[in-house]
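Please look over the sequence and the model before reading the points that follow. They are set out for discussion.

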Amino acid sequence: MAEITPTPMHPNAEVRTGPKGTAKRDALRKIEIEIQKEWEEKKLFEQDAPEKGDTKPKYLSTIPYPYMNGRLHLGHGFTITKAEFAANYQRLKGKNALFPFGFHCTGMPIKACADKLKREMEIWGNPPQFPLPVVEEKPESETPEAAATTTARKADPLAFHSQKSKATAKNVATYQWNILKGMNLKDEEIPQFADAYAWLDYFPVHAINDLKLLGAAIDWRRTFITTDKNPYYDSFVRWQFHVLREKGKIQFGKRYTIWSPKDGQPCADHDRASGEGVVPQEYTLIKLKIVQLPEKMKDLSAYKVYLVPGTLRPETMYGQTNCWVLPDGKYGAFRINENEVFICTERAAHNMAFQGLSEKHGETNCLLRLTGHDLLGLELEAPLSKYGRVYTLPMLTILPNKGTGIVTSVPSDSPDDYICLEELKRKPAFRAKFDLKDEMVLPFVATPIINIPDLGDLSAQAACEKHKVKSPNDRTPLDLAKDECYLNGFTKGVMLVGEHQGKSVKDAKPLIRDHLIAAGLAVTYSEPADEVVSRSGDECVVCLTDQWFLVYGEEKWKSVTQTLLDNMRTYTKDTGKKFQAALDWINQWACSRTYGLGTKLPWDPQYLIESLSDSTIYMSYYTVAHLLQGGILDGSKVGPLGISAGDMDLEAWDYVLRGKEYKGKVDLEKLDKLKHEFEYWYPVDIRVSGKELIPNHLTFFLYNHSAIWEDRPDKWPQSVRANGHVLLNGAKMSKSTGNFLTLTDAIERFGADGTRFGLADSGDSLEDSNFTDQSADTGIVRLFTELEWVEEMLKSTTLREGPADTFMDKVFANQIAKAVKLTDGHYEQTNFREALRTGFWDLQSYRDAYRIGASNGMNKQLVLHFIEVQTILLSPITPHYCEHVWKLLGKTGSVRFAAWPVVDEADESLLSQWTYLEELIYNTRNRKEYYMKPKAKKGETPVAVAAPELLTIHVARGFPSWKRKTIDLVTSFYQKSEGGVVDDKELLKTLNTQADLKKDSKKVMPFAAELKKRYAASGLDGLKVELSFDEKKFLDEQKEYLKNKLPIANVNIEHTDDEKAGPGEPLTIFS
């Protein structure tokens, strides 16, 4: 096994000079490379657990390790920087912060890519000469299938639907050779990637170099790759699965799973080209026996022939009135066994063949091809229906790619069925078009079978009337009616008929389903809930197969995991809800496969452990990896402690990670060092990840921690911070459109700090964020400009010495203090965009105002304080720039290990004075411009108005009594309100009944409306009747400042009783 070591971080210690206009970026880039060299030489980010007895707190930050089938891109950088920003901030807060990083290679994608490349070279040579693409353009017609698909798109605007034309959708395959060539690999380099392990030798090394160029504060001694190529990690995963099996969390048996027929194994999320997160959807197939076979089906007379609609609501079968088919749909009569034939779509039959519903596993036997027209008017035996026998009728909105293409009709509880049946009854011509006799349609009416509060015994009719549904084409109101019926039917419905009459639908449903199956009237069927395509390129099915699986969802395990989730921080309510939803529905999970890379299942080595199952507790491996592997990615050399991979057996891992007894041959002193690292660094304090991993990896992460450390809640994850995807300049990143940036591309274009600045500014919510060139470019310009100003200030001889005691000094000092507090809160909440705003943009604005407003010059110590504070606050995001400024300030050590600034609480009264003054100046300037605007009567030439020489500011002594009374009443309403919402009618009634407000009633209502606006903008602070300072005295002190800022020759301040003025809202008059 070859040793893998990272290449030198900077093989060329020079900055590429960019085109004209990139001088600022190039200057910053030069600083970045110098700083990165220094960090590496000092091994700045290598962090060991302190000696026993050292109580310094720690912070372990991790992300899901990236998959190594390509270079890191901006999307990786988005998640990586959030985890690193968090660790950098916690380090400033006095914690030992660790951000380790590994590389995921388990699973089938790398193996599939390698095999694909190998086949390409076998067929087309080396280098391959690929055939020219041939694309046929076929006109698209509005078939019923197309119409149904269009309807589905409108019905579910959040679902993904391809917008490609038929020609585009059938475009030529993307060759693996060309994919690798697109990664800037040369022809002579590419053939090595036909060996899957070559990918493990190449991409992790480049990822390390990319992250070093980004300036990521990672302890690279702790890095590793997965799979059995790394014997240390391999032994760790084998230990994990032994523990899980020992605890009864892994079982063997038949279960439904997403399956790749081409690969002949389960297709887990990471094995999919599309359809990540899709799970099996279980249906009950109702066996509707054809009473008399038509002439076209005479060859099927030896069989019992069934139409098999799939339903999610077997409890509603009491209300069947007919069966629906798509008239132009393509169907087949498929032999299931020697006695039975099912009529359904070929797609459904293909799925059934993997679920024991065919004579030969994986193969269908179609005895007869049919269309929907062939099935119309057939008389069917309908299990449980009061009608006994029903007929096959047409429905034009059936989706052939959902269920079996056959739909049973229950118009009492299905709005779709109700409205379609009613339309068919109303339109004789429509019935005649399909040769339907009246007796097949008209006698059948909706039958009450379930009572739903508020919707009654015929919920579908009630919901359609409520939402004004008139036809099947009223998709939006029809969908609302469906949602209301289905949700309330399951949660609130009560059975009116059958042996389970009086029971809730929730309780009766499984009992009725089991009865139908036991009686031979139905079978269970599953299919992917949405399309899933494997990385091998075939559409996946659901297979009922023998396999090893994790019993996620098992009651006791789920309960312990629920406790973990209840005590884990998720930062946003939406993230918590997504976790809860995932915990509620996740069930047994196949953990083994036969194809790909990975660790062999210890007790059944014909199987490999799949990629979402070997990546659930590896964060604990980070704590000891540096002592076992010493930074050798594949663990091919024994690490610093001298413990071989073979020595890390089950007993050794149990001792280190679970505190069990050890009687093996390894020196206990060595194992104790491993144990000390684990005990100090674990648990994970924050895990940052894309939200799309909540339904799988992140929930598995919780389940496995609650199992392995069931009796050690102190080792359970402390928090998970989820984020959305990152867009690039407002559009989804895509290689095919060219809107794509690898991490190295971004660093080359914007520098490390420019890239980090842009990523921080992209956004922090669960919604998609947006990295823009403009933001990164702005970051470059502002950092460069700020650096020039810092250098200028450090050389300046004009800064004012002495105490910082002027009004402007005090305002600026308080603004800095407030920025520190706000930025502290934003970092703690992992809202990095907001931290950038308060810790950089707001500080810049305060500094600029101070620079302009300090008429007697800026105070030297205050300026230095500002530079130091801003440098620390910005250092988690732009560490290279900040490290450079830290040096310019003459500070020792690295800014990355500085202490978070300690500041006093900001004087809010002083800051409110400043805000008042700035707003007054802004409004008065506008009034001055209006005053000086040339004026003229109609038909006359405008005459210029001379600049005023005097500004008189009339300050209110206080609010008049009617205003005070109104303020008190409005305030009391808001204080009693929930969520800041008041009853306007009640407020109006209260104001109108106040005797002391009647004489001013015409003014009260407009003023109350103004108060509501103030509350919306400032909360209860906007309703205060007095300022926190003496308004007239303050303005008297600021006369000279007002003269300079407006500018104007004279300013007078006077008290007034004019009601047009109010506290904080003086009248200004020019003359």
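**Notes on the predicted model**

1. The unreviewed UniProt entry carries the annotation "domain: Leucine--tRNA ligase RagD-binding" for residues 955–1027. Such positions are given in the numbering used here, with shortened feature names, and annotations may be inferred rather than shown by experiment. The span is 59% helix and 3% strand, and its end C-alpha atoms lie 12 Å apart. Helices (H or I, at least four residues) and strands (E, at least two) are DSSP runs numbered from the N terminus.

2. This is a predicted model, in which local features need pLDDT of at least 70, side-chain atom pairs count only at pLDDT 80 or more, and totals for chains, interfaces and linings use all residues. Residues are numbered from 1 along each chain as its sequence is written, and side-chain values use heavy atoms, with hydrogens and water left out.

3. An open sheet of 4 strands runs in the order E4-E3-E21-E22, with antiparallel pairing. Its edge strands, E4 (265–266) and E22 (589–590), each pair on one side only. Two strands pair if DSSP finds at least two bridges between them; E3 (residues 250–260) and E21 (residues 541–550) have 10 bridges. Within this pairing, which residue of E21 does Thr257 stand opposite? Thr257 faces Cys543.
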